[in-house]
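The sequence and structure come first.

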Amino acid sequence: MASPLILVTNDDGIAAPGLQTLAKCLETVGEVVVYAPESEQSAVGHGISLHHPLRVREAGTNRFAVDGTPTDCVMLAVRKLLGRRPQIVFSGINSGPNLGDDVTYSGTVAGAFEGMLLGITSVAISSAAYETTDYSTAGQVAAHLARHLLEHGAPADTVLNVNVPQLPYEELAGLSITRQGLRDYEDDIVTRQDPRGREYHWIGGMRPRHIAHEGTDFEAIDSNRVSITPLHRDLTNFRALAELQDRNIEL
Ligand code: MN
């Protein structure tokens, strides 16, 4: 069988160390082609570029930088430039966690979400440390998971959102399949004056508090375990759907 093709993207940009480690580790599993944003795109969510042309720059063998978002990268690579369909899309390794409600802001998760929309097994992987200095454990987890997914596939219409504690591989306490937790914080917004006396605001709040409810991604990370949360393509809240239908709201 031909070597499986693995498409790699991220939101920290083509030069990010987490991307380099991910590509290198996945090269032990299959043929890796990287399409990643030219510059950092953290927190762009699932945005696509509709108002400017996309340029692709060759940044090495099988390495391409795109002046767009993670979603642009995956869409362009799969639908136009790769030439054959990848077996897996990996997005990451993000610098910093993507836990709880933060998945909706995440460019890392969005890159994988786009792969899933294109019908490909897709994984977002993040280092759960706010200051990541070592991506090697997350890289090992990625390669391990890639081998599993090539053999067994993934559930349909699902993105696997993986977060990895920053610990040596042998010190991980295990792996948990988790549900998405809920954050419990307000974004820290700083208001100051610019040199011309005009007010500006800066959204901070990069270190959320959370309640590590049982079975959540937060709890797994707090317990030094790898967290894998299956995120669903369909965002419908089915309990609310039934409740709203029962209200008979009419025009
Ligand atoms: Mn990022």
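E38 has a relative accessible area of 32%, so this residue counts as partly exposed. In this predicted model, E38 forms a salt bridge with R57, with the closest N and O atoms 2.6 Å apart. R57 belongs to strand β3 and E38 to the loop between β2 and β3, 19 residues apart. R57 is likewise assigned to the partly exposed class because its relative accessible area is 40%.

**Salt bridges**

The model holds 7 salt bridges in total.

| Salt bridge | Closest N to O distance |
|---|---|
| E27 and R63 | 3.0 Å |
| R57 and E38 | 2.6 Å |

Is R63 buried or exposed? With a relative accessible area of 18%, R63 is buried, the cut-off for that class being under 20%. E27, at 40% relative accessibility, is partly exposed.

R233 counts as partly exposed at 40% relative accessibility, and D157 is partly exposed with a relative accessible area of 38%.

**The sheet and the helices on it**

How many strands form the sheet, and in what order? The sheet is open and has 9 strands, arranged β3-β4-β2-β1-β5-β6-β7-β11-β8, with mixed pairing. Strands β3 (56–60) and β8 (175–177) are at the edges; each has a single partner strand, so one side of each is left without a neighbour in the sheet. From one strand to the next, the twist averages 25 degrees.

Strands β1 (residues 5–9) and β5 (residues 88–95) run parallel and are joined by 4 bridges. I6 is placed opposite I88 in β5.

Helix α4 (residues 136–152) packs on the sheet, where it touches β5, β6, β7 and β11; the direction of α4 makes about 165 degrees with that of β5. Helix α3 (residues 107–117) lies across β1, β5, β6 (121–127), β7 (158–164) and β11 (226–232), and runs at about 170 degrees to β6.

**The manganese site**

Which residues coordinate the manganese ion? The donors are D11 (OD), D12 (OD), S42 (OG) and N94 (OD1), at 2.1 to 2.3 Å. Along the sequence, the donor residues follow the spacing D-D-x29-S-x51-N. S42 lies in the loop between β2 (31–37) and β3, and N94 lies in strand β5, so this pair ties together parts that are 52 residues apart in sequence. The two residues fall into separate accessibility classes: S42 is partly exposed at 30% relative accessibility, whereas N94 is buried at 6%.

**Buried residues and their contacts**

S126 is located in strand β6. At 0% relative accessibility, S126 counts as buried. Beyond its neighbours within four places in sequence, S126 contacts I93, N94, G96, P97, N98, T108, V162, N163 and V164.

T71 is part of helix α2 (residues 70–81). This residue is buried as well, at 1% relative accessibility. Where are the contacts of T71, leaving aside neighbours within four places in sequence? They are with G45, H46, G47, I48, A110 and E114.

**The ends of helix α6**

At the start of helix α6 (residues 238–246), a side-chain oxygen of N237 comes within 3.2 Å of the backbone nitrogen of R239. Just after α6, N248 adopts a positive phi of about 50 degrees.

Note on methods. Residues numbered from 1 in each chain as written. Predicted model: local features only at pLDDT ≥ 70, side-chain atom pairs only at ≥ 80, totals over all residues. Heavy atoms only, no water. Helix = DSSP H or I, 4+ residues; strand = E, 2+ residues; numbered from the N terminus. Buried < 20%, exposed > 50% of the residue type's maximum accessible area, 1.4 Å probe, protein only. Contact = heavy atoms within 4.5 Å. Polar contact = N/O pair within 3.5 Å; in protein donor to acceptor, adjacent residues only side chain to side chain. Pairing = 2+ DSSP bridges. Axes fitted to C-alpha atoms, helices over the stretch in contact; angles between N-to-C directions. Donors = N, O, S within 2.8 Å, 3.2 Å for Na, K, Ca; no water. Salt bridge = Lys/Arg side-chain N within 4 Å of Asp/Glu carboxyl O.
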